[in-house]
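Hi,

Here is the structure I promised to pass on, with my notes below it.

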Amino acid sequence: MWKSTAAALALLILAGAATAGTQRSCERLLRKLDSQLADASCIESPDLTTRNPNTTPADDSLPGLPHLAFMPQADRAILVADAASRPPIKKVVPGLQIQARFAKDPLGQARFLLRLPQNWNGRLVVAGASGARSEFNGDFVWSDYVLQKGYAYASQNKGVLSARESTAADPLACRTGSPDKPSYVHYYDDDPGQAFTRWRDFMVMASDLARRGVEAQYGRKPRYTYAVGTSNGGYQVRRAIETAPEYFDGGVDWAGTFADSRGPNLLTGLPPAILNYPDYLASGRSPTSTAALNIMAAGYPPDLLADTENGPVSLWGMHADSFWEPTQCQWQKRLDPSDNTYGAGPGRYNYLARLSASTVGSNVAAIATNGKIKRPLITVAGTMDALLPIDHHARAYARQVAAESGEHAQAYRLYEIQNGNHVERYANIFPQLELIEPHAQRAFDLLVRFVEQKAPLPPDQCVARGGTISAAPAQLGHCPNLLAP
């Protein structure tokens, strides 16, 4: 009896010591980062992966913010495949998690996330943020993957909250939903002071702050730091690799947004799809209609059709309802605020005509990529991307790198995923689509091997359906068709 009581007491003492030690680790970390952080919290997590429901906060969980401003649970799921289609989480990753704001952001919206595993491999991954998403947007595809390998993981929100509900009377409101049942949101990105140039800055600031956090926790700086990101987060990766090589050793850009003041950019590419889609729908979704041919002539992949329990749907239709107009509106209101969005209509926006009537050209030039990469970079993109068509975004950036990077262009690769789409969850509806996530994660591992072991990168290639990135690909360069059987 006495022995069992003593043993229980010893366990309690050890548990208390461990808890106290963790509290001291958090206190030490927050003290070291105090001048850089605001509203910071640090917790000991039994598992930093999303298998732990406490890893990603609940939507609308930041006090004082309106609905939609902070949506971490929704953000992490918006572009990715469903749980059954994602790689399984195979191990528990205990460690510390810090959530905070960047103290130096005058707008008070820039947010930071840092995860520090107990079993650290000496390396750091810094993630960009897709769309108008929070710092938790990469939890399923990037954080879970790299944490299980021992990397420390950091992320940020491009310095801006997401959106808030609004009305048609709001001059900065953007219409969302189907045309017959529209709703309106106001993107924080369109508010004063939220220039898109901040996106690059907060990617670099996140790397700097994460490196300080890593050193404070483990007693040494990371040996290597990698940038990863999807969509707008992929754009952040490109700009970081171009402009801040001292903070990154390489990057993986998954379907990054391309911006060039001469075009292509979102303001040249989205209006034709928005304009022609209603006529395409009126044609009974005829693939030979003038409207369909106009959409494909603007670079978009062919439409896909499917029957669901809620009726027939199409790939173009799902993008029209959820992505095309809201994205065009957000970018236009930020980059060409004097244009009357809903006067002639978003589909009739004419970027070339607006160059002489507004500051849109200089505003796009301020955020444009230059293709002058200074660290190894891999782009992974799908041929069936119906939001950022591959020729106007991934291939356009590859052309820019080839023209501008000189000898550094040899450390750039474009891996095209046959039938991959921007929104992975749509593969549940359209079986013709291929998931990109496993290829993006393999590209990350190939990048690490190239940087750290000098292992050659596989050449630019078209990755066939069911295939993988290969050192001896069957199809070099671009995929010959956007849609393959």
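Ala-306 has Val-313 in E12 as its bridge partner. The pairing belongs to strand E11 (residues 305-308) and strand E12 (residues 311-314), which run antiparallel and share 4 bridges. Together E11 and E12 make a hairpin, with 2 residues between them. Do keep in mind as you look around that this is a predicted model.

The largest nonpolar core contains 42 residues, and Phe-112 and Tyr-412 are the ones with the most contacts inside it. Helix H4 (residues 198-218) supplies the largest share of this core, with 7 residues. There is also a second, separate core of 41 residues; Leu-270, Ala-273, Leu-335 and Ile-367 are among its members.

If you set aside its neighbours within four places in sequence, its contacts include Leu-37, Ile-98, Phe-102, Glu-135 and Ala-154. Ala-206, Leu-209 and Ala-210 are also among the residues that Phe-112 touches.

Then there is helix H11 (residues 394-404). Its buried residues are Ala-394, Arg-395, Ala-396, Tyr-397, Ala-398, Gln-400 and Val-401. Which elements cover them? Among those covering the buried residues of H11 are helix H5 (232-243), strand E13 (377-382) and strand E14 (412-417). Just after H11 comes Gly-406, with a positive phi of about 55°.

Happy to talk any of this through.

Best wishes

Key: Residues are numbered from 1 along each chain as its sequence is written. This is a predicted model: local features need pLDDT of at least 70, side-chain atom pairs count only at pLDDT 80 or more; totals for chains, interfaces and linings use all residues. Side-chain values use heavy atoms; hydrogens and water are left out. A nonpolar core is a set of buried Ala, Val, Leu, Ile, Met, Phe, Trp, Tyr and Cys residues joined through side-chain atoms within 4.5 Å. Buried means under 20% relative accessible area, exposed over 50%, partly exposed in between (1.4 Å probe, protein chains only). Contact means heavy atoms within 4.5 Å. Two strands pair if DSSP finds at least two bridges between them.
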